[in-house]
Amino acid sequence: MTHKYRIDIWILLPVLLLMGFSVVAVYSASSTFAMDRFQDSNYLIKQHMIKIVMAMAIIFFIARFDYRSFKSGAKYLLWITIILLIFTLFAGNELKGASRWINLGPFSFQPSELARYCVVIYISLMLAMKKDYLDLLYRGYLPVLFYILLVSGLILLQPNLSVSIIIFTTCMSLLFLSGAKLKHIFFTLASLIPFVIIFILSKDYIIKRIVSYSEYSTGGESSYQLQQALIGFGNGGLLGIGPGNSNQREYFLPEAHGDFIYSVIGEEYGFIGTFGILVLFFIILIRGYKIAKETKDEFGKYMAFGITTMIVLNAAVNMSVASGVFPTTGVTLPFVSYGGTSILFSAFAVGILLNISSYRNDIDEGITIE
C-alpha cells in the first residue's frame, strides 16, 4: 500500500514565515555594511535570497524522502562529518581565532552545522536499537555517550563552545528521554564540569566575553556589543521605529545581520516583532514535541525530539544573548540570520521532521545497526 504524504502546516508555516521575514530583516541589517564592503547595498541580501530559495527546495524535497531510509547510511554520514570536523581543525579557514569553515571554491560551509543533525540522526538510531538495554553502562549507555563526546569535543576544539554545548545538551536530553539511568547522566555531567571549567579558563576570548557580560550593566567598554544590542531594543519600544530605520545597523552594532539580528528586529519592529519571532519558534517547539510523542517508530520519535530541540535551543540561545540573558556567543538565529550553512542544514532537518510527521502513525520494526 502506497503511503499518502501529508504536509504538517504547523511546522512548515512557521518556518516559511521566519524565512520570508528574514529577507526583509537581513536587507535592513546588512545594507550599510554591504555598501561599504562590496559597493552594493544589495549584495548580501541577494546571496541570502539564493540560500532561502535553496532552503525551501531542500525542505520540500527531503519532506518526501522516507526518513527511515537514513537508517542504513546514518553511521557513514556521521563518520564523514567527523572526518570533516577533523579536517577543519587542521586545514579549515580561520576567522577571529577559530577554525570553523571549509572552502570548496565558491562554496564554503561549517561542518559543525552538518554535525548538529548528523549526530542526532545516528544517536536516535542507536537509542532505538539499544532501547532494551540502555540502562546497562557498557553495552548501552557508554557507546552512545562516545559519539556525543566525540562530536561535541571536536567542535569544542575549533573552538566553538556554544555550538558544542547545544549539541551536547540536545543529545543528553535524548538519552534522558530514552530511559537512560539518571545516575549515569548525573555522573557524566559531574565528571565533565572540571574539564569545561579548565577549557574556559584557558581561552582568553571566553574570559573576555564573561567579563564583558558582567560589566554591561555598569557601562564598561568591554561590553560595547551587548550595550548596543540593548539600545536597539530600547529604541524599538512597543511598535518599533519602522522597517529600514534601524540606527544600530550603522556600525554601532557589530554582526547586525548575523548573530545580533534579533536586536535589529527589536529596534525596527519593537516588542511586537520580537514577540512574534518568539511565538513562531514556540509553535515549532510544541508541534515538534507533539510529533515526537505521537510517532510510534522509536527512531522517528527520537529524531523528531532531537531536531526540534536543536533548532529551538539554538534560537533560544541567540535571543537570550541579544537580550542580555547570556554572554555573547557566535550562534545565529535559525532561518532568520544571514548565513547560508545554517539555513540550508536547518532546512534539511525541517524536511526530515515534516516526513516524520507524515509517517508518525506507522511502525517500523526493522531496526539494524552495526
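Predicted model: local features only at pLDDT ≥ 70, side-chain atom pairs only at ≥ 80, totals over all residues.

Colleague: Which helix holds histidine 48, and why is histidine 48 called buried or exposed?

Modeller: Histidine 48 belongs to helix H2. Its relative accessible area is 1%, and the term buried applies under 20%. Histidine 48 is therefore classed as buried.

Colleague: What makes phenylalanine 176 buried or exposed?

Modeller: Phenylalanine 176, which lies in helix H6, has a relative accessibility of 53%. The cut-off for exposed is over 50%, so phenylalanine 176 counts as exposed. Not counting residues up to four places away in sequence, phenylalanine 176 touches Leu182 and Ile185.

Colleague: Returning to H2, how do you know whether H2 and H12 are roughly parallel or roughly antiparallel?

Modeller: The axes of helix H2 (residues 43–63) and helix H12 (residues 340–359) cross at roughly 20 degrees and come within 7 Å. Angles under 35 degrees count as roughly parallel, and H2 and H12 are therefore roughly parallel to each other. Their crossing is right-handed.

Colleague: Which residues of H2 and H12 meet?

Modeller: From H2, the residues include His48, Lys51, Ile52 and Ile59; from H12, they include Gly340, Ile343, Phe348 and Ile352. By class, this contact of H2 with H12 has 14 nonpolar, four polar and one charged residues.

Colleague: What makes H4 roughly parallel to H6?

Modeller: Helix H4 (residues 111–129) packs against helix H6 (residues 161–178) at an angle of about 15 degrees, and their axes are 11 Å apart. Since the term roughly parallel covers angles under 35 degrees, H4 is roughly parallel to H6. The crossing of these two helices, H4 and H6, is right-handed. Among the residues making the contact are Arg116, Val120 and Ile123 of H4, together with Ile167, Leu174 and Leu175 of H6. The contact of H4 with H6 divides by class into ten nonpolar, four polar and one charged residues.

Colleague: How do you know that H5 is roughly parallel to H7?

Modeller: For helix H5 (residues 137–156) and helix H7 (residues 182–202), the packing angle is about 25 degrees and the axes are 12 Å apart. With the limit for roughly parallel set at under 35 degrees, H5 is roughly parallel to H7. The crossing of H5 and H7 is right-handed. Leu137, Tyr141, Leu145, Leu149 and Leu156 in H5 meet His184, Ile185, Thr188, Leu192 and Phe199 in H7. Eight of the residues in the contact of H5 with H7 are nonpolar, two are polar and none is charged.

Colleague: Finally, which residues have the most contacts inside the largest nonpolar core, and what makes such a set a nonpolar core?

Modeller: They are Ile123, Leu175, Phe281, Leu333 and Ile352, in a core of 101 residues. Helix H11 (residues 298–322) gives the most to this core, with 14 residues. The term requires buried residues of nonpolar kinds joined through side-chain atoms within 4.5 Å. As an example of the surroundings of one member, phenylalanine 281 touches Leu18, Ile311, Val312, Ala315, Met319, Leu333, Pro334 and Phe335, not counting residues up to four places away in sequence.

Conventions: Residues numbered from 1 in each chain as written. Heavy atoms only, no water. Buried < 20%, exposed > 50% of the residue type's maximum accessible area, 1.4 Å probe, protein only. Helix = DSSP H or I, 4+ residues; strand = E, 2+ residues; numbered from the N terminus. Contact = heavy atoms within 4.5 Å. Axes fitted to C-alpha atoms, helices over the stretch in contact; angles between N-to-C directions. Parallel < 35°, antiparallel > 145°, perpendicular 65-115°, else oblique. Left-handed = near helix turned anticlockwise from the far one by under 90°. Nonpolar A, V, L, I, M, F, W, Y, C, P; charged D, E, K, R; others polar.
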